[in-house]
Amino acid sequence: MVTKTEAIIEQESRYCAQNYHPLPVVLVKGEGVYVWDEGGNRYLDMMSAYSAVSHGHSHPRLVRALTEQAQRLAIVSRAFHSDRLAPFLEKACAMTGLPMALPMNTGAEAVETALKAARKWAYEVKGVADNRAEIIVCDGNFHGRTIAIVGFSSEEQYKRGFGPFAPGFKSVSFGDADALEAAITPNTAAFLVEPIQGEGGIIVPPEGYLARCAEICRRHNVLLICDEIQVGLGRTGRLLASAHDDVVPDGLILGKALGGGMLAVSMFLARRDVMAVYRPGDHGSTFGGNPLSAAVALEGLQVIEDEDLAGRAAELGEYFMAQLRALNSPMIVEVRGRGLLIGVEFDPAKVAARTVCERLMQRGVLSKETHETVVRFAPPLVITRAQIDDALAALREVLQSLGGG
Ligand code: PXG
């Protein structure tokens with residue numbers, strides 16, 4: 001007999017492009033840190049949609065903001081003003097310390113927005129000759145899936161079959177500030193970096209790396225652009241991951257949790273002289289900055305402050321990471337991360353990360369592997385210590401069931 005779950009997955013595989021390999025669970029409801037499948041089973045969500053659901057599922061304040069605004073005015077395009085956009089951007093600027101913002105929807109769009117701004121800034125402000133601007137990125141980066149972005153990925157699978165790619169990008173070793181300085185030329189417009197590499201496997205760079213990069217960029221008149229789509233908005237224990245190094249970047253990219261786990265909302269924030277390169281007609285998005293997104297995102301930023309989500313991530317992340325290390329499993333090679341962005345690296349000779357995720361799922365904990373060896377623990381930031389203990393108990397059982405407890 002085919003179960004309802006199997007039937008739904010089969011239907012999806014018939015109609016949906018097979019560009020993902022999801023765990024075999026069909027979710028129908030979420031509340032806080034929990035999600036439920038169509039059979040009524042409850043799971044702890046330790047992935048939170050790759051950090052997009054930092055506020056928890058269906059946060060009541062965000063549901064209210066969404067429904068109230070949906071009943072009033074949802075979409076106007078940027079052909080007209082709305083009363084929702086400015087308060088949202090003012091709040092985002094106040095919280096991040098950057099003076100101006102350009103709203104988009106998905107992370108990749110906001111990254112493209114940053115890249116275009118950096119190039120135009122190089123020509124108009126820095127004085128680089130036409131079409132010569134270079135942007136430096138890092139090996140192991142993940143910034144999205146557009147052709148320009150995958151073109152500078154170091155991951156073969158992201159690129160294979162999608163060329164030709166945009167020129168003008170150079171990649172240097174992540175965590176090596178000297179490599180950055182060596183790669184800079186008079187044509188360098190910007191250095192684009194994730195303060196912690198998320199999709200690359202939760203890679204934390206050496207202490208002080210970002211501060212050194214910021215100093216190097218300043219000295220060479222190169223823009224430091226931080227992609228905090230995954231690590232920003234409290235996830236690592238500070239509002240911005242760059243704040244751990246006391247760095248205010250020249251350009252900042254936010255997404256994921258910016259939409260409060262409700263909508264796709266992203267933005268590029270920047271220094272005034274950088275944002276000034278955008279003039280009417282240069283760039284845009286039909287949905288970017290729409291009143292519905294702006295109302296939800298503004299409330300989301302307020303919730304981050306009111307519930308001190310960054311403080312929770314700092315405190316609970318430290319606890320969680322210490323407990324994971326104390327598991328002392330021979331299957332675990334390393335536990336790394338910051339705040340509630342944690343990667344547990346498993347020994348591939350002993351177990352596949354996917355197997356760990358499948359077994360966790362059977363015990364009511366959802367996570368997802370990255371790069372075959374790393375299991376990600378990045379729960380909603382509203383998680384409690386007791387719920388973390390539940391996840392740890394499930395992981396202990398899984399390790400025991402695999403003979404590595
Ligand atoms: N920058 C960073 C640092 C990211 O983690 C993006 C940009 C792109 O965001 P959008 O909204 O365009 O996906 C990300 C996304 C996936 C996947 O399913 C994406 C991410 C992490 C894990 C899986 O493609 N991060």
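Hi everyone, let's start at the ligand: one of its oxygen atoms sits 2.5 Å from an N or O atom in the side chain of Tyr20. That is a polar contact, meaning a pair of N or O atoms within 3.5 Å. The protein covers 86% of the 540 Å² of accessible area that the ligand has on its own, with areas from the Shrake-Rupley method and a 1.4 Å probe.

A quick word on the model: it is predicted, so local features need pLDDT of at least 70 and side-chain atom pairs pLDDT 80 or more, while totals for chains, interfaces and linings use all residues. Residues are numbered from 1 along each chain as its sequence is written, and side-chain values use heavy atoms, leaving out hydrogens and water.

Back to the ligand. An oxygen atom of the ligand is 2.8 Å from a polar backbone atom of Ala108, and a ligand nitrogen is 3.4 Å from a polar backbone atom of Phe142.

Now, the strands, which are DSSP runs of at least two residues, numbered from the N terminus. What joins strand E1 (residues 27-31) to E2? Four bridges do, and the two run antiparallel; strands pair if DSSP finds at least two bridges between them. Lys29 stands opposite Trp36 in E2, and in E3 the bridge partner of Trp36 is Arg42. Three bridges join E2 to E3 (residues 42-45), again antiparallel.

Are the faces of E2 (residues 34-37) covered or open? Both are covered: Tyr34 and Trp36 on one side, Val35 and Asp37 on the other, are all buried, that is, under 20% relative accessible area with a 1.4 Å probe, counting protein chains only.

Technical notes:
Buried < 20%, exposed > 50% of the residue type's maximum accessible area, 1.4 Å probe, protein only. Polar contact = N/O pair within 3.5 Å; in protein donor to acceptor, adjacent residues only side chain to side chain.
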